[in-house]
Amino acid sequence: MSKDQYAVKRMTLVAMLTSLAAVIKILFQALTTPSFRITFYELPLILVGGMFGPLMGGLAGFITDVVYLVTYGYDINLMTLSTMMWGIVSGLVIFKRDWSIKRIVVVVLVAALLEFFINGTQILIWNYAGSWRDAFYTILPQQPIRIIILTLKWPVQIALVKILYDRVILSTQV
């Protein structure tokens, strides 16, 4: 395979995974409430970051979120950064290393916690109406639901990333 063919194959895989992440994020909008969202758009972003590095993972996350925001007419905000974290963290932890369960657990836990705090900050900013204390008490009741969903998703995310890498990515080895 020539160097150009290899580059085209890599770009195609990044584009397909980024598109998949955007489609998943858009389709799961139906399961969104003002306080939480149940979705798995982060799985393709973890694969992009782990396979192609933190820069490409962050770019894939940015593109995914921009497509989502354009679809629903939102503006870029802190939640765009939280989407990018999935690709960046996996790139920093896994890129050019083994895809062990331990590394995948670190990626999922760190990225999920970053997402939780970044998104929580954005929700706090949106609810700010003159007093940070009032805004904090507005979003406080939403936190237990967000924490429960976050912790229930961890084992599913970890297992799915490992399965996708072992059964899909290794078989197409880029």
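Trainee: Which side chain meets that of Lys 162 in a salt bridge?

Mentor: A salt bridge is a side-chain nitrogen of Lys or Arg within 4 Å of a carboxyl oxygen of Asp or Glu. Here the side chain of Lys 162 meets that of Asp 166, at 3.5 Å from N to O. Before we continue, please note that this is a predicted model, in which local features need pLDDT of at least 70, side-chain atom pairs count only at pLDDT 80 or more, and totals for chains, interfaces and linings use all residues. Residues are numbered from 1 along each chain as its sequence is written, and side-chain values use heavy atoms, with hydrogens and water left out.

Trainee: Why are Lys 162 and Asp 166 separated by about one helical turn?

Mentor: An α-helix has 3.6 residues a turn, so residues three or four places apart point the same way. Lys 162 and Asp 166 are separated by about one helical turn because they stand four residues apart in helix 7. Helices (H or I, at least four residues) and strands (E, at least two) are DSSP runs, numbered from the N terminus.

Trainee: Is Lys 162 buried or partly exposed?

Mentor: Buried means under 20% relative accessible area, exposed over 50%, and partly exposed in between, with a 1.4 Å probe and protein chains only. Lys 162 is partly exposed at 21%, and Asp 166 is partly exposed at 34%.

Trainee: How many salt bridges does a search of the whole structure find?

Mentor: The search finds four. One of them joins Asp 65 to Lys 25, with the closest N and O atoms 2.4 Å apart. This pair links distant parts of the chain, since Asp 65 belongs to helix 3 (residues 54-72) and Lys 25 to helix 1, 40 residues apart. Asp 65 is buried at 2% relative accessibility, and Lys 25 is buried at 1%. Another salt bridge is formed by Lys 153 and Glu 42, at 3.4 Å from N to O. Lys 153 lies in helix 7 and Glu 42 in helix 2, so this pair ties together parts 111 residues apart in sequence. Lys 153 and Glu 42 are both buried.

Trainee: Which residues touch the most other members of the largest nonpolar core?

Mentor: A nonpolar core is a set of buried Ala, Val, Leu, Ile, Met, Phe, Trp, Tyr and Cys residues joined through side-chain atoms within 4.5 Å. In the largest one, with 31 residues, they are Leu 47, Met 51, Trp 86, Trp 99 and Ile 104. Helix 1 (3-27), helix 2 (42-52), helix 4 (78-94), helix 5 (101-127) and helix 7 (143-172) each supply at least two residues of this core. Helix 2 gives the most, with seven residues.

Trainee: Where is the kink in helix 4 centred?

Mentor: The bend at a residue is the angle between axes fitted to the seven residues ending there and the seven starting there. In helix 4 there is a kink of about 35° centred on Met 85. Helix 4 is mostly covered, with 13 of its 17 residues buried.

Trainee: What takes a positive phi just after helix 4?

Mentor: The residue is Lys 96, with a positive phi of about 60°, although Lys 96 is not a glycine. Lys 96 lies in the loop between helix 4 and helix 5, and is exposed, with a relative accessible area of 75%.
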